[in-house]
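Dear colleague,

Here is the structure for your files. My notes on it follow below.

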Amino acid sequence: MQRALDLAQLGAGTVSPNPMVGAVVVHQNQIIGEGYHQKYGDAHAEVNAINQVIERFNGAHELLANSSIYVTLEPCAHFGKTPPCADLIIKHKIPNVIIGCVDPFGSVNGKGVSRLRDAGIRVDVGVLQQQCIAINRRFFTKVQQQRPYVILKWAQTADAYFSPEDGTQRWISNAPVKQLVHQWRTQEDCILVGKRTARADNPQLNARLSNGRNPLRAVIDKNLDLPAQLHLFDNSIKTFVFNRHKTDVVGNTYYVQIEEFETLLPQYILYQLFLQDVQSLIIEGGARTLQSFIDAKLWDEARIFTSNDFWGNGIRAPRIEGQMQEQHQIGDNHLHILTPFQ
């Protein structure tokens, strides 16, 4: 199962809104086939693992009929973009199926397990269950809470300042941190910033310093004050503009009207992104935008970089409390990763 988990992670950034899944076929305590879900719309992990057995061995069908398959997530039991994996396992008469965790998606939830057991297959559920849930925490959040998984990210000085008071740009993070952040971006579906950050930094919000896909972009611009010359409006990436005045599509810019900005703005934004099948969201600024999601208790991780600089003045960094999960030193920057108190 640990090998299946390692394989599943290889799908990070390419399978959303599907979950990451790994599968391993074992015969007489030897792995004879393995696979993972590589890309949204392509074959699922079980298909790739079983196909590898068929490609590698003569008499593969007899081997499969005397094997076990380990899968990090319950095999699907419905026709989506691909046929049901439960039916494929039944077809090849694999007698033992070991599952990390049940799929919470309504079309699958428990149905894959039932279909396998009804076919006389032995099914064990819950092997490395917490680890299997953890790697798909974005998927589980979207399915169970009907919103994207929210990651807060910011950099602050040693005396807890976020940005200059006058709206100018002043870097806090070092070069290795910037590269790491771009790698993170390839693994998430969308990035959100507020109007002040968009105006002051003119960010591209892409993953140009890392290999992988660019996430979708989103900006809060209540009165549509941002200039059209900003990188956000270059049409290179689908970009949502949350505003009070209009819903429209201009090129690759999607204007989403939200009538109520003073209350429940984080809730409205997350619901609109959920409707667009966005599974995960990084919020990169500004301080007010980040604080609004903290105050609404709508966050799942906070990734905070702290430099050794002392500014003495500026806009204060967001205020947050949470459970420390990880700490890392990256050059002269310190990274703390928090999750909400349970």
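The protein chain exposes about 16300 Å², of which carbon and sulfur atoms supply 46% (Shrake-Rupley areas with a 1.4 Å probe; for residues, only the protein chains shown count as cover). This is a predicted model, in which local features need pLDDT of at least 70 and side-chain atom pairs count only at pLDDT 80 or more, while totals for chains, interfaces and linings use all residues. Residues are numbered from 1 along each chain as its sequence is written, and side-chain values use heavy atoms, leaving out hydrogens and water.

Of the 342 residues in the protein chain, 51% are buried (under 20% relative accessible area, 1.4 Å probe, protein chains only). The chain has 11 helices and 17 strands (DSSP runs, H or I of at least four residues and E of at least two, numbered from the N terminus).

The unreviewed UniProt entry lists a "binding site" whose residues include Thr197 and Leu290; such annotations may be inferred rather than shown by experiment. The listed residues spread over 138 residues of sequence and, in space, up to 22.9 Å between C-alpha atoms.

Threonine 197 lies in helix H9 (residues 195–201) and counts as buried because its relative accessibility is 12%. Beyond its neighbours within four places in sequence, threonine 197 is in contact (heavy atoms within 4.5 Å) with Asn202, Pro203, Gly285 and Gly286.

Leucine 290 is in helix H11 (residues 287–295) and also counts as buried, at 0% relative accessibility. Its contacts, again setting aside neighbours within four places in sequence, include Leu152, Trp154, Phe162 and Pro318.

Regards

Note on methods:
Buried means under 20% relative accessible area, exposed over 50%, partly exposed in between (1.4 Å probe, protein chains only).
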